[in-house]
Amino acid sequence: MKTLNYLLLLFSLITYSQTNFDLSYFLKNHKSYNQSIPKPSEFTLGNMEVGNSHISHDRLVQYMSALANASERITITNRGETFEGRPLILLTITSEENHKNLESIRTNHLDINSTKTFVDFSKMPVVVYQGYSIHGNEPSGSNAAMLYAYHLAASNDNELLKALEKSIILLDPSMNPDGLQRFAHWVNTNKSYNLNPDNNDREFDENWPKGRTNHYWFDMNRDWLPVQLPESEARIKTFHNWSPNILTDHHEMGTNSTFFFQPGIPSRVNPLTPKKNQLLTKEIGKFHDKRLSEIGSLFYSEEDYDDFYFGKGSTFPDINGAVGILFEQGSSRGHLQESINGLLSFPFTIKNQLTVSLSTLEAAVEMRETLLAYQNDFFKNSREESLKEKNNYYLVTDQRDKSKLFEFYKILEKHQILMKKLPEDVIINKTSYSTNNSILIPKNQNKTRLIKAMFEKRKKFKDSLFYDVSAWSFLHSFNLDYTNYSTKINTKNLVLNKPTGKIINKNNYAYLFSWDDYYSPKILYKLLELGLRVKVGTQPFYVDTKRYDYGTLLISLVNQKIKTTEINNQLDKLSKESGVEFVGYNSSTTKGIDFGSNDFINVSKPKIAMIVGDGVTSYDAGEIWHLLDTRYNIPVTKIKKSNFSNQNLEKYNTIIMVNGKYDFDEKNSNKLKKWVENGGNLIGYRNSINWLIKKDFIKLELKQNKASTTYLNYKDKSNHFGSQLTSGAIFSVDLDKSHPISYGYNNSLSIFRNTNIYIKNDTLGYNNPLKYSKNPLISGYISKENLQSMKNSRPFAVYNLRKGKVTVFTDNTNFRAFWHGTNKLMMNAIFFSNLM
């Protein structure tokens, strides 16, 4: 009988979740809405109510465009395109009267961040940025955005009309169009007519790399500070152009969870975040509490999530005078799924996201003057703090690499950070700072707190647990020279243009170009692709008074497949595009190795494959794909791990294994090993090292110092093991510049580490070209046990396997696309492995 009752209940829930609900489930009073406004169901699959299927991005855009055409309360803007060409739309929603004066409202709102005079907030609208589904497979947000936009466009409720008069709503309905489209296709094509909630069903088991990420498999909710992706550029431009008072970031979490809203864990708030920010977050939370309770939804707060890394959507606003709020809804990951809290339906998750969207607006309007005053005070206090730094600056340069410095400049520019031109050449601590290749960043400016957040080094923390990284200094991610600098000279605003190179001394004999420039790998590959013979210098040398370092590239114009005039034309074009300079010489004679020396070694064109698929970390693979494809124009073939046995590896001379679980059988392991033994270049990252050691690809000894658990209480178990994670910190390494892995670098380098893999130093010093410095921690958290393991360890190793090479990195040299300073380590491993 109990079984029968359960089946009847299950059947009723399934039937309800699929067919037995209409718009009233989400919006009780919708029948009184303006009937000329199109409903969301007019644009869904089968014209069924939202929640019966997952909205695809194309249909979402069609609906939002129709709303904007039908309602005077909405304008729609296309702010750019994703890598797959999908529009990045933004809806601006407010009263008709406000729309008539929108630009003056925007400029007046921005003025409160810089004015020193009294501001009357009584008639000023509050600005709310509401962003949905930055993780594409967390779709309840984007689906709720349709209902929310419909409500704002069509409702005739007096309270809403008043709210629209007092607010500007910036509605970003899909912050990850490519991921949303990918996930919608998956769940809609795997949906059963009679919904099956069994969590073993294929509907809930997405294909790798899943829909969370964008086209290049980036977690875009870590890109608010780095701004390396087109989707992020659109968001950040909107943010700074409006400076919203509240920004909401709608996510999903595990199916067995309920609903979370901030604040998060109090001990994990970044110290740069004002205490008032957290008080306001808590006050806003009362509105969510009330509305979620009214519809019977369970929720929690001040647990699980933190507010530390400013590169996330819910924390980035906190360092910019706004209040960022994270929402996390337990995910149905499809249409209906079993959970420990009962059957979880997709419509229910949408309803919760809609509810907190409405409660956010309610809170924003109710707290309007408080929020406006808080933002005004935030920047006022920032200016007062920065007055102490009058005439003080960060002075930044990279005399060897203008391109990398320019990429750093672009990030600051996107955040509207004021930069100045150095008035005169200076030398500080033996580092030269020239007027044409340095950046002065005033500490006395409106964005002073944001600058601190981007540059600071921190080693002490209230808590040893982190939801994300504990360090991210951009000065170190770009490996720049920097210092504090003071001057009373009136400095001009800096406008740094993209570097353009040139040919110096055009001739028909030979050219040299430096490996120092960030885009030198792009040039080298292009020259090899053209069929040119290019050699790399393995020793430093002088020509006249000019010094050429290890790794200098030589192009002899003699006996090439391409005519001399065409080579010169190509070099002229490449130099202007990339910023790399080519210097011509009419003789082989140098002070050191001559151009005809055997110490100039031919460079082979890389033919690269990367293993991807189930078990492989898509983030790491995507970062490499993005780097090679979009920055260096180097093709990389993505080989599915499950299809490895069918691949002809002889087509490639380089194979990359990123972090992941590699469970190749003996046949495929031997296949890969034979490829290496025959001359292949295998590059392994992070956890792949363990597999390579186990399968005898490389002989290494790993170090590990474990914290004692002898007197550990059960209640402290989770925190204890969490504190042993190195979730992301910055360390200094010393380089042997003569080793090919160090080509293009100085004697030291800042590297990012987020693993606990420690390779013991080799007894032969030349096998340790990268070694941790005596006091390696620059910024971030690491346990004392792991710091002990780091001593006498190395982040890189290379091993000869008959004719081939196995090179390994303990950590990610391409982290989140903004760790420009270590990108060249991988490029050295790709181009120069035969020299190692």
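1. In this note, a residue is called buried when its relative accessible area is under 20%, exposed when over 50%, and partly exposed in between (1.4 Å probe, protein chains only). By that rule Glu 49 is buried, because its relative accessible area is 12%. The structure is a predicted model, in which local features need pLDDT of at least 70 and side-chain atom pairs count only at pLDDT 80 or more, while totals for chains, interfaces and linings use all residues. Residues are numbered from 1 along each chain as its sequence is written, and side-chain values use heavy atoms, with hydrogens and water left out.

2. Glu 49 lies in the loop between α1 (2-18) and α2 (57-70); helices (H or I, at least four residues) and strands (E, at least two) are DSSP runs, numbered from the N terminus. Contact here means heavy atoms within 4.5 Å. Leaving aside neighbours within four places in sequence, Glu 49 is in contact with Phe 21, Asp 22, Leu 23, Phe 26, Ser 41 and Leu 147. The side chain of Glu 49 also reaches the backbone nitrogen of Leu 23 at 3.5 Å.

3. Gln 375 belongs to helix α11 (residues 368-387) and is buried, with a relative accessible area of 0%. The side chains of Gln 375 and His 109 are joined by a polar contact of 3.4 Å. Such a contact is a pair of N or O atoms within 3.5 Å; within protein, one must be able to donate a hydrogen and the other to accept it, and residues adjacent in sequence count only if both atoms are side-chain atoms. Not counting residues up to four places away in sequence, Gln 375 touches His 109, Ile 112, Asn 113, Ser 243, Pro 244, Asn 245, Gly 321 and Ala 322.

4. Two nonpolar cores may be noted, a core being a set of buried Ala, Val, Leu, Ile, Met, Phe, Trp, Tyr and Cys residues joined through side-chain atoms within 4.5 Å. The largest has 154 residues, of which Phe 408 and Ile 441 touch the most other members. Among the contacts of Phe 408 beyond four places in sequence are Val 396, Ile 439, Ile 441, Phe 455 and Phe 474. A second, separate core of 43 residues includes Ile 93, Leu 147, Leu 152 and Leu 361. In soluble globular proteins, nonpolar side chains tend to be buried together.

5. Helix α16 (residues 564-578) has 15 residues, and at 1.5 Å a residue it should span 21 Å, which agrees with the 21 Å between its end C-alpha atoms; the expected span is 1.5 Å times one less than the number of residues. Its buried residues are Ile 567, Asn 568, Gln 570, Leu 571, Leu 574, Ser 575 and Ser 578. Seen down the axis of α16, these fall within an arc of 165 degrees, so they line one face of the helix; the arc is that of the directions from the helix axis to the C-beta atoms. The face turned away from the buried side carries the exposed residues Thr 565 and Lys 576. Among the elements covering the buried residues of α16 are α12 (402-414), α15 (520-529) and β21 (582-585). Just after α16, Gly 579 takes a positive phi of about 90 degrees.

6. Asn 653 sits in the loop between β24 (636-640) and β25 (654-657) and is partly exposed, with a relative accessible area of 27%. A polar atom of its side chain lies 2.9 Å from the backbone oxygen of Lys 605, and a polar atom of the Asn 653 side chain lies 2.7 Å from the backbone nitrogen of Lys 607. Asn 653 and Pro 606 are 47 residues apart in sequence and 6.3 Å apart in space, C-alpha to C-alpha.

7. An open sheet is formed by three strands in the order β27-β30-β32, with antiparallel pairing. Strands pair if DSSP finds at least two bridges between them. The edge strands, each pairing on one side only, are β27 (702-703) and β32 (793-794). Two bridges join β27 to β30 (residues 758-760), and Lys 703 stands opposite Tyr 758 in β30.

8. Thr 810 is placed in the loop between β34 (804-809) and α22 (823-831) and counts as buried at 0% relative accessibility. A polar contact of 2.9 Å joins the side chains of Thr 810 and Asp 811. Residues touched by Thr 810, beyond four places in sequence, include Arg 686, Ile 759, Tyr 772 and Arg 794.
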